[in-house]
Amino acid sequence: MYAQMVKSTGETVVAKEKLSPKEREFQDRIDRGEKIEPKDWMPEEYRKNLIRQIGQHAHSEIVGQLPEGNWITRAPTLERKANLLAKVQDEAGHGLYLYCAAETLGVSRDELFDMLHKGKMKYSSIFNYPTLTWADMGAIGWLVDGAAIMNQVPLQRTSYGPYARAMVRICKEESFHQRQGFQIMLTMAQGTEDQKRMAQDALNRFWYPSLMMFGPSDKDSVHSAQSMAWKIKMNSNDELRQKFVDEIAPQAAFLGLNIPDDDLVWNEKTGHHDYSEPDWDEFFQVISGNGPCNKERLDARKKAWNDGAWVRDGMLAHARKKAMRKVAE
Amino acid sequence: MLVLGHRTSEWCGVAPALEEDIALANIALDLIGQAKLWLEYAGEVEDAERTANTLAFRRDFYDFRNLLMLELPNEDYARTIIRHFLFDAFQVPWLEALAASSDETISSIGQKTVKEANYHLERSQDTVVALGDGTEESNTRMQKALHDLWPYAGEMFQDDEIDRMMQGESIAPLPSSMKKAWELRVERVFNDAFLILPDSDFSHSGGRQGIRHTEHLGHMLASMQFLQRAYPGASW
Ligand SMILES: [Fe+2]
Ligand SMILES: [Fe+2]
């Protein structure tokens, strides 16, 4: 997901009787479904894990602006241009909410940016794939925002108040993005031969990377137990991936597009679709920096940050001078 | 509008700060929305079955009528902001005047869009003052941007035959009639921003008549119109 490889500490949950009274009270509050607020006491590990997760999520939103930003200047109509621009703007807004949520845990936006730029924090692997045709704007909205929703809807019930509230606002916009993406796919799937080809090609390229968004298979994902107990992770990776496949398969059929997986079939017995796993070697390569666009994405972010330094400094200096002039008056 | 909206949208995802990114996207959205209104009406007046999209995506450079200043590349944030301010300071009184046009549609578009223009002006003006004042570097960059753009500002106030015809029918005032008030505002703001107005009244011209464009417009159109040109007849 947007936070797909959050390294959490504590592979297993510490038994309740071994917790200190404070920790036990904390866990009890979470078990009762209470929200933890910034001023409340929280275990250091809970705070650290949350910072990693929210930070990774925030970074994904702003790095996620880049692949779609790539097509704003080439959008085919005024309406599509405006919609895409508004969508990418929403993603910047999501980044902003999430950085604010992370700030309540005592880490500043600048510190988080710095960790992103130094490669110490990650963002979702999906944004390291290139956008090559206009149909990719459809595929991203439909599949990527679709996968984001799968993960984020349950996070509206996450235990940390500011994070849960950010999720509520974000989810509303994400479902709008998904519909918009599906609309683009539909228009193209019903369009000319060239457009159909673009639509199918986009699905071919984005299908497996979308499945990777949910993170490694449960059998290889050892870090979840404590996060689940703390309710900062609500479902297992495979659970959400299955849900996603079950939702997307009929939509692809409706579009008349083929999901690039010959083994994808409805399984009467399980009540779910069987499907092929993505290439996990590729996933680990992308996550560790060797995806098709990792370097470009990070370089673009760093360049924007460095090029903008004089603007931020200038604004700050002006604000200070203005305040001093007021005092002098 | 379309040309400046396009340029502004190029900042999406790479602005100096998240807040700027969001604000610039807002401005680009307003401008593209305004372009759509004007182009729709132009298509209606022309009565040749050209939609706003045909006018935007299927005309070549010589049929584009726009201020040369707006097609120049963004270059850096200083040029972006100075350009917005020089333009916004003209747009606000201009749209106010159009709101009183004898033509009903023009008047209603004027009324509708002047609110947005006011917000743009407020923002660009504040930013000019902030960055002109800010640091030595920000002042130097803003001064350079002002110097680079100044020879393009005068085009906003050049009257042509069409302007005189429009004025005759009370559709729009003469652009030249806006100049005095604009100069006063611009002088005051640049003064507050510790920026020096270039001492030259030379001005490039020809963009509004389509007689001349910069080399940059062709590149902008090449990307903007790519899909409509490469796949004619497709709907998107
Ligand atoms: Fe988002
Ligand atoms: Fe989204």
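## Helix α10 of chain B

Four residues of helix α10(B) (residues 215–224), namely Leu217(B), Met220(B), Leu221(B) and Met224(B), are buried, that is, under 20% relative accessible area with a 1.4 Å probe and protein chains only. Because they cover an arc of only 95° around the axis, they lie on the same side of α10(B); the arc is taken from the directions from the helix axis to the C-beta atoms. On the other side of α10(B), Glu215(B), His219(B) and Ala222(B) are exposed (over 50%).

## Basis of the model

The model is predicted: local features need pLDDT of at least 70 and side-chain atom pairs pLDDT 80 or more, while totals for chains, interfaces and linings use all residues. Residues are numbered from 1 along each chain, chains are lettered from A, and side-chain values use heavy atoms.

## Helix α7 of chain A

Helix α7(A), residues 161–189, reaches 42 Å from its first C-alpha to its last, close to the expected 42 Å (1.5 Å times one less than its number of residues). Helices are DSSP runs of H or I with at least four residues, numbered from the N terminus. At Ile170(A), α7(A) bends by about 25°, the angle between axes fitted to the seven residues ending there and the seven starting there.

## The largest pocket

The largest pocket holds about 1,500 Å³ of space, a volume filled by probe spheres set on the grid points. Its lining has 38 residues, and those closest to its centre are Trp38(B), Ala42(B), Arg65(B), Met166(B) and Arg208(B). A pocket is an open set of points on a 1 Å grid where a 1.4 Å probe fits, with protein on both sides within 12 Å along at least five of seven lines; lining residues have an atom within 4 Å of a point.

The largest share of this lining, eight residues, comes from α2(B). The lining divides into 25 nonpolar, four polar and nine charged residues, with Asp, Glu, Lys and Arg counted as charged, Ala, Val, Leu, Ile, Met, Phe, Trp, Tyr, Cys and Pro as nonpolar, and the others as polar.

Conventions. Helix = DSSP H or I, 4+ residues; strand = E, 2+ residues; numbered from the N terminus.
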